[in-house]
There are 2 protein chains.
Amino acid sequence: MADVTIKDIATALGMAASTVSRALRGSYEINEKTRARVEEYAQKVNYRRNTVAQSLREKRTRALGVVVPEISNNFFSEVINGIEDEAFTRGYQVMIFQTHESFEREKQTVQQLYERRVDGLLISLSGQTTDIEHISRYKKDDLSVIYFDRVPEDENVDKVVVDSFEGVYQAATWMIQNGKRKIALLTSPPDIYITKKRLAGYAKALEDNGIDYDEKLIKYCGFEPWEAHDAIKDLVKNHQPEGFITCADRLTIDSYEEFKKQLTAGNTPLVPFFGFTNINVAHLLDPPINAIVQPAYEMGSRAAKLLIDKLEYNDRKHLGNRRTVPLPVEEKLKTHLVINFTT
Amino acid sequence: MADVTIKDIATALGMAASTVSRALRGSYEINEKTRARVEEYAQKVNYRRNTVAQSLREKRTRALGVVVPEISNNFFSEVINGIEDEAFTRGYQVMIFQTHESFEREKQTVQQLYERRVDGLLISLSGQTTDIEHISRYKKDDLSVIYFDRVPEDENVDKVVVDSFEGVYQAATWMIQNGKRKIALLTSPPDIYITKKRLAGYAKALEDNGIDYDEKLIKYCGFEPWEAHDAIKDLVKNHQPEGFITCADRLTIDSYEEFKKQLTAGNTPLVPFFGFTNINVAHLLDPPINAIVQPAYEMGSRAAKLLIDKLEYNDRKHLGNRRTVPLPVEEKLKTHLVINFTT
DNA sequence: TTGTAGGCGTTATCAC
DNA sequence: GTGATAACGCCTACAA
C-alpha cells in the first residue's frame, strides 16, 4: 500500500496542499474548522509525514551522529544512553557508529554522516587518530561538532571531558594516606593528550606528599589485553608495588585479571587496586576494585545538550537575531572515588 | 559555505546535471573522459552527495532502525555491536533508540522511525509490551521488521531468539549432576512468552532426573532490584536452596548481590549460582557466577543479516524477479555454559 | 484564511 | 553519450 501524501489529502478534501501542510503543522493562520477536518481525515487514512522530504526542504534532519570506538564498552554505552535521552527529549534522533579504534573507519564514518546531513556530530576519537582534519574540514559546511572523552588537544573545539588529573590525583592521594608509597600506574600510550593529564595528576599527588617519582612504576598500554597482563607481571616481579592505579575501562579489567592471578599465585601481597571503571559490579569482585567512576551518562547528556543548544543558537542567528559568537567550551566533569576495599 | 551540488558542477563544467549524476555514480553509458573530468572537479570542490535528496528520490534510506529497552545493558550493547557491524559492511546505517521498558515510548519511537522511512526495523520489545499492533500496522507500508530477544509469540513474524529452554535445561542438569536437588529459579514475569520456555526447560530437567517440581522454589521478578533481593531473601530464609538459576541480565546481578550478602551473613551455604549474563567479569567474582552466556553479538549480526537479506530480496522482487514468498523465520541461537565454580 | 508556484538535490525517462 | 524535464513529498513566499 502506497503512502498517503499531503497532496492526496488535499485532493480528497478539495483544498490546496499548502493548506493541508499548514493545518497539519498547526499553523496559527489556519481556520480551526479546516484544521479539524484535515486532522481527522489524516488520522483516518493513517497519514505519516515524510521526514525525508521535510529534511530536504528544511535543510536539516533533526538527527545527530554519534561516533565512538566501541559501543559495547560499558563506558561508551552509558555515554550513548545519556546522549539518546537528551536528544529524545529535545526532539532529535541519533545515529550511532563505531570505529573499532580504526582511523580509516572513523574518517569514512564521519563523511557518511556528513553526507546524511546530520545536524551535528558527537565524537570520541579512535585510538589511531592523531589529527582532526578529517572532521574539522566540514566545519565550514555547517556541521557542528562536540568532542567527548577522547578529545583533540586543539583549543578551538567544543569538548566535554572528565577531569582525569583530579581523578588520578585523588586515587593516588588516597593510597598515600593509607600508607602506600610505591604506587604503580598503568595508563594509555604516552603521546595521547589524556595520558599527560593522568600522569600529571599522579606526579602532583606524589610531589604534594614528598614522594619521589619513579619512572619504573609507570606502564603505558594499548588496547590489547596482553599489554596489561605483561605490565602487571613485570611490576609484580620486579617492583612489588604497594598499590595499583589503572586509567581506562578495558585496561582496568585486563590488569585486574592478571593482578588477581598473581595474587592467587602468591606473587604479590594483597594491595589496593584502583581503576577507572564504570562496571557496576566492582564491589562484588574479590578483592573489590576501588573505582574511579567517570560520570558517563552525564557526559553524554551534557555533550548532547551542548550540541543542541549550539544548533538552536545557530538557528536563531540565522533568523537575524545574532549575538556574540560563543567561544569554544570545555566542560570538565568530576570523577568520584568509590572505595570498596581497604587494607 | 554553501554545499556544492550536482547542478553547480554541471554549470561549472558546461554540461547537464544528469550527465554529472551519471558520471558520479559510474554509469556504464558515460564517456570515460567526461567521467574523469567530473570526478576530478568534484574532488577539487569537495563535492559530497546529499543522501537526503537521494533517499527522497529513491524511496529508500539505507538506514535501519534499532529499538531496545536499554542501550547500556551489557547484553543489548553487544547485540547492537553485532547489528552495527553487519549493517556497516552491507552499506546500511543504524539509528538507535531505547524504550526504557515503556510501551508508550516504544510506540512513539516506532512511529518516528517509520516517518523517517528507515528501510527496516530491528526491535526487542519493552517489558510493558503485550501486543504488537503498533508495529505490524506498518507492514503494509513496506516496513520490514525483525524481532530479537524479547519477541512476540506471534508465528507470522521473523525473529531471532536464544534457546532459553535449552539454556535453563543445561544449567539445571548440571546442578543435578553435581548432586543438587533443591534448585531455585528466578525468572521474568509469568505471562511473558520467554518465561514459559525457561520454566519448561527447568521442569524438563527435573523430570528427566526424577525430581519433583516445587512451585515454592520459583520466583517471578520484574526489573526492580528489590524484587530480586526479596526473592533471594525469601528463598534463603524459607527453603535453603542447593543452587540458584537466574534468567536475565539485570536479574542475575541483582540476585547475586543479595545472594552474596546472605552468604557473607552466613545465612546460606556456598552453593552454585547460575545466571544468564553477558558480563565479562563473571569469573572474577567471589564466588564466581556460572554463566549461561547468550550469543549477543551473533544475535545482532544474524538479525541484521536477516533483515538486509529480506530488503534486498524485496528489491529483486520489485524488479520483477519474483520467487516464492519467504516464510517467516525463527532463528534460535544456542547458549553455552561457562563454569567458573564447582562445589 | 487559503491558493499558486517554485524549489530543496537527486535520478529516471525520454529525447536528441 | 549527453541533455532537457519531471518527479520524489514537503514547505514558504507571495498573491488572492
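Reply: The structure is a predicted model. Before the first question, one term: a helix axis is a line fitted to C-alpha atoms over the stretch in contact, and angles run from 0 to 180 degrees between N-to-C directions.

Me: At roughly what angle do the axes of helix H8 and helix H9 of chain A cross?

Reply: Helix H8 of chain A spans residues 164-177, and helix H9 of chain A spans residues 193-208. Their axes come within 7 Å, and H8(A) passes H9(A) in a right-handed crossing. The crossing angle is roughly 35°.

Me: How many nonpolar residues are in the contact of H8(A) with H9(A)?

Reply: H8(A) contributes residues including A:Phe165, A:Val168 and A:Ile176, and H9(A) contributes residues including A:Ile194, A:Lys197 and A:Leu206. Three residues of this contact are polar and four are charged. The nonpolar residues number ten.

Me: What area is buried between chain A and chain B?

Reply: The contact takes 57 residues from chain A and 57 residues from chain B. In chain A, A:Arg48, A:Gln93 and A:Arg116 lose the most area to chain B, together 14% of what that side buries. Carbon and sulfur atoms give 50% of the total, which is about 5,500 Å².

Me: Which element gives the largest share of the side of chain A that touches chain B?

Reply: The elements giving two or more residues to this side include helix H4 (51-58), strand S2 (93-98) and helix H5 (74-89) of chain A. The largest share is eight residues, and it comes from H5(A).

Me: How many salt bridges are counted between chain A and chain B?

Reply: A salt bridge joins the side chains of B:Arg49 and A:Glu115, at 3.5 Å from N to O. Between chain A and chain B, the count of salt bridges is eight.

Definitions and conventions. Residues numbered from 1 in each chain as written. Chains lettered and ligands numbered in written order. Predicted model: local features only at pLDDT ≥ 70, side-chain atom pairs only at ≥ 80, totals over all residues. Heavy atoms only, no water. Helix = DSSP H or I, 4+ residues; strand = E, 2+ residues; numbered from the N terminus. Left-handed = near helix turned anticlockwise from the far one by under 90°. Contact = heavy atoms within 4.5 Å. Nonpolar A, V, L, I, M, F, W, Y, C, P; charged D, E, K, R; others polar. Buried area = accessible area lost by both parts, 1.4 Å probe. Salt bridge = Lys/Arg side-chain N within 4 Å of Asp/Glu carboxyl O.
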